[in-house]
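My notes follow in the order I looked things up.

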Amino acid sequence: MDKEIIARHKLSDEEYEQILNILGREPNLLELGVISAMWSEHCSYKSSKKYLSGFPTKAPWVVQGPGENAGVIDIGKGMGAVFKIESHNHPSFIEPFAGAATGVGGILRDVFTMGARVVLGLNSLKFGNIHDEKIAKHQKYLVKGVVKGISHYGNCMGVPTIGGECAFDECFNGNILVNAFALGTCKIKDIFYAKAQGVGNPVIYVGSKTGRDGLGGAVMASDSFNQANKNLRPTVQIGDPFTQKLLMEACLELFKTDYIIGIQDMGAAGLTSSSFEMAGRTGSGMRLFLDKTPMREEGMTPYELMLSESQERMLICAKKGCEEKVIKIFKKWELDAAIIGEVSDTGKMELFWHGNLVGLIPIEPLSQKAPILNRPIAKPKYLEEIQNYQFKLKIPAQEAFEKLLANENVSDKAYIYEQFDSSVQTNTLKSDGALGASCIRVKENGCLLSVAIECNSRLNYVDPKIGASAAVASAGRKVACSGAKPLAISDCLNYGNPQNPEVMWQFAMGCEGIKQACAKLNTPVVSGNVSLYNETDKISIFPSPTIACAGVNENANKVLKSFFSKNTQAIYLIGDTKGNFSGSLIAKVLDQKVAGKLDEIDFGKELTLWDFLFKANELNLLDCANSVGIGGIAITLAKMSAKANLGIDAKSYFNDESFIFEESPTRVIVGVKNEVQFLEFIKHFNLKINKLGNINEKEFILDNIKISLDKLQEIYFKKFEEYLG
């Protein structure tokens with residue numbers, strides 16, 4: 001086959017040789033397209049798989065770990081929480097509205113294809129510099145388009161978007177990150193899996209018709225960007241949330257029957273990945289009659305039908321004799337449904353076009369035994385250059401405080417979260433804008449379900465291993481601060497070009513950090529996604545492993561607020577402040593440095609802190625709790641004060657006034673209801689505490705910082721929207 005065609009399908013010479021060995025002949029164009037999609041980084045994890053093995057994935061409460069469309073945990077009384085996070089980075093950079101919208105659509109399908117009704121969504125967004133005149137206009141366009149896309153799809157679906165995070169850094173100038181998380185609930189006994197088995201059982205296509213949108217999407221997502229990538233819009237899918245709403249309701253109705261063997265979302269690589277994965281999981285074969293596929297465009301070819309990533313489509317393996325019953329349900333919901341194939345015992349994918357065999361590919365080598373690459377790794381040279389950095393505060397604390405408070409990484413993101421419907425379905429207890437984790441009630445069992453999403457890219461640049469561990473610990477701490485026990489995580493591993501040995505070293509270290517943290521904190525990984533090639537013109541993003549943590553409290557009435565109220569009798573800091581400014585926001589804002597050396601996470605202390613928060617909340621000792629994050633205790637207190645519409649009068653008692661801005665992990669600020677009982681109870685835990693002060697009506701006072709509540713709120717609540725214009 002022509003070498004240019006092979007190169008266009010992003011296959012190496014070694015991979016093409018492997019294809020020749022598997023087939024025993026030259027592939028035709030259709031077969032080459034199918035194999036290239038299945039072996040793309042996006043679908044096969046060929047660069048990352050060796051590092052993903054060894055993730056903690058089991059616990060008594062884990063029902064389903066990695067390997068299915070989404071993970072499942074037991075949340076009590078026979079109910080399960082089904083959840084996953086995925087990336088849609090490249091499509092969102094190319095076409096922000098459609099890319100972000102279909103990112104949401106895809107993750108929703110991953111959850112409801114398991115049999116769950118989707119009850120909440122989160123997102124993690126990373127953008128470039130919004131102040132640099134050369135790129136600010138485009139970055140603001142990306143912000144607005146992505147947010148509009150997320151809100152459009154989620155709101156139309158009737159799924160509340162209840163939380164998220166948004167950060168800005170120059171490393172994302174050429175490659176933004178859009179990570180979408182969804183969670184659904186269902187009875188554990190009613191979970192469905194993606195499999196096809198039983199010779200002669202029909203394979204049924206349901207949902208929207210297939211078009212040419214999204215062609216080559218999986219391959220596009222498995223390559224880096226350059227200035228020549230501006231014409232990639234045809235690789236971005238176009239979504240229709242109203243159709244997906246019908247598809248979800250039809251699937252949920254189908255799941256109440258016993259008509260089907262398995263079901264799979266047509267996500268990346270469309271019909272190719274769904275058919276190969278369903279058959280591959282059981283060692284079955286499959287025949288597909290591609291001319292039977294519902295099409296919305298004339299003259300479509302088998303190549304296009306197999307590789308289109310048109311949205312809102314599912315593939316079903318039904319029980320023989322039940323096909324008409326399945327089709328009837330989808331016709332009722334005004335959706336296309338057609339029998340396009342059947343299960344065989346050949347172990348091969350047989351592709352037919354108007355009665356002619358046009359493709360014949362062994363399934364197992366593609367779906368279960370894709371290439372595993374052993375890419376070279378090398379510790380980045382920059383690490384030696386940045387490790388000796390020491391931060392010194394050279395301006396008054398008041399001035400530093402106001403600079404941080406006005407920074408786009410700190411200021412309130414109401415512009416974003418007010419576009420999301422956070423209260424639809426009427427279960428939301430704590431949503432975006434309330435700080436920390438977000439919470440819903442699960443009406444079926446009365447529990448509090450808490451979720452948080454976390455990724456500090458600066459920490460991961462300074463130390464990819466500790467930074468990844470810190471993300472796991474921070475997401476869990478936010479869940480603990482809401483009154484729930486952290487139970488499990490889903491991860492989205494966003495890194496640069498894997499062909500760069502330094503990036504692969506970052507990835508390997510990030511995986512080790514997650515493994516270590518999840519094992520020590522007893523929060524197994526139940527689902528996840530890898531996004532590589534986040535690079536433009538040979539500039540890779542900072543390592544950015546996004547962690548979404550889910551936790552439970554059996555009592556939905558036990559949700560703990562994240563900011564003060566008039567019931568706050570005293571304000572306390574719990575945890576050790578070490579004076580380490582490595583990767584801190586103040587170092588970036590004042591010194592334009594992302595540098596230093598991180599301290600190891602004390603996982604024992606972290607677990608003790610979580611245990612204390614849960615038990616103190618059960619005893620009703622706390623009015624609020626909030627994890628200390630970027631900007632240190634100064635910014636954390638400022639956010640809590642602004643949200644509460646209450647001032648504070650506080651002293652940190654640090655020897656160095658700059659310590660109020662440093663970002664040591666494993667710390668929380670709590671508002672205490674009964675100070676005497678709080679002090680007596682915390683004696684049972686090996687935790688350091690400092691009383692910071694009390695609330696007041698009009699001013700924010702912390703050491704040498706003094707600002708009126710009105711001015712504090714003006715800066716915090718208004719700046720971000722001003723920046724976006």
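I started with the strand order. This is a predicted model. I found six strands in an open sheet, ordered 14-15-16-21-17-18. The pairing is mixed.

Next I checked the edges. Strand 14 (428-430) and strand 18 (525-531) stand there. Each has a single partner strand, so one side of each lacks a neighbour in the sheet. I also looked up the twist, which averages 20 degrees from one strand to the next.

Then I took one pair in detail. How do strand 15 and strand 16 run, and how many bridges join them? Strand 15 (residues 438-442) and strand 16 (residues 447-454) run antiparallel, and five bridges join them.

I moved on to the helices. Helix 19 (residues 464-481) lies across strand 16, strand 17 (485-494) and strand 21 (544-553). I read its angle to strand 16 as about 150 degrees. Helix 20 (residues 501-521) also packs on the sheet. Helix 20 touches strand 17, strand 18 and strand 21. The direction of helix 20 makes about 175 degrees with that of strand 17.

Last, I looked at the loop between strand 17 and helix 20, where asparagine 497 sits. Is asparagine 497 buried or exposed? Its relative accessible area is 8%. That is under the 20% cut-off, so I logged asparagine 497 as buried. A polar atom of the asparagine 497 side chain lies 2.9 Å from the backbone nitrogen of glutamine 499.

Definitions and conventions: Residues numbered from 1 in each chain as written. Predicted model: local features only at pLDDT ≥ 70, side-chain atom pairs only at ≥ 80, totals over all residues. Heavy atoms only, no water. Pairing = 2+ DSSP bridges. Helix = DSSP H or I, 4+ residues; strand = E, 2+ residues; numbered from the N terminus. Axes fitted to C-alpha atoms, helices over the stretch in contact; angles between N-to-C directions. Contact = heavy atoms within 4.5 Å. Buried < 20%, exposed > 50% of the residue type's maximum accessible area, 1.4 Å probe, protein only. Polar contact = N/O pair within 3.5 Å; in protein donor to acceptor, adjacent residues only side chain to side chain.
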